[in-house]
Amino acid sequence: MVPLLLVLLLVLILLGAGFAIKILWWIALAVLVIWLIGFVARPRGGGGGR
């Protein structure tokens, strides 16, 4: 009975880690897209910000 519970616990941990990693990948992708949009949308005028 104990080995069965340990295997079930291991599966649940791996499933949770996989879900968390997938969420982190989506967050990283969203941040990258927002950064790229900000980079492209930046005004190209030459005046310098100083």
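User: Let's start with valine 40: does it count as buried or exposed, and why?

Analyst: Bear in mind that this is a predicted model. Valine 40 counts as exposed because its relative accessibility is 56%, and a residue needs over 50% for that label.

User: Which element is valine 40 found in?

Analyst: Valine 40 lies in helix 1, which covers residues 2–41, and the secondary structure of the chain comes to 1 helix and 0 strands.

User: How many residues of helix 1 are buried?

Analyst: The count is 0 among the 40 residues of helix 1, so this helix is hardly covered, and for the chain, with its 50 residues, the buried share is likewise 0%.

User: Switching topic, how many aromatic pairs does the structure hold?

Analyst: The structure holds 1 aromatic pair. Tryptophan 35 and phenylalanine 39 form this pair, and they are stacked, with 5.7 Å from centre to centre and 20° between the planes.

User: Where do tryptophan 35 and phenylalanine 39 sit relative to each other in helix 1?

Analyst: They are 4 residues apart, which means that about one helical turn separates them. In general, an α-helix has 3.6 residues a turn, so residues three or four places apart point the same way.

User: And how accessible are the two, tryptophan 35 and phenylalanine 39?

Analyst: Tryptophan 35 is exposed at 54% relative accessible area, whereas phenylalanine 39 is partly exposed at 43%.

User: Which residues form the nonpolar patch on the surface?

Analyst: Trp26, Leu29, Leu32, Val33, Trp35, Leu36, Ile37, Phe39 and Val40 form it, with about 940 Å² of accessible area together.

How values were computed
Residues numbered from 1 in each chain as written. Predicted model: local features only at pLDDT ≥ 70, side-chain atom pairs only at ≥ 80, totals over all residues. Heavy atoms only, no water. Helix = DSSP H or I, 4+ residues; strand = E, 2+ residues; numbered from the N terminus. Buried < 20%, exposed > 50% of the residue type's maximum accessible area, 1.4 Å probe, protein only. Patch = residues over 30% accessible without salt bridge, like charges linked within 9 Å, V, L, I, M, F, W, Y side chains within 5 Å. Areas by Shrake-Rupley, 256 points an atom, 1.4 Å probe, with all protein chains shown as cover. Salt bridge = Lys/Arg side-chain N within 4 Å of Asp/Glu carboxyl O. Phe/Tyr/Trp six-rings, centres within 6.5 Å; stacked < 30°, edge-to-face > 60°.
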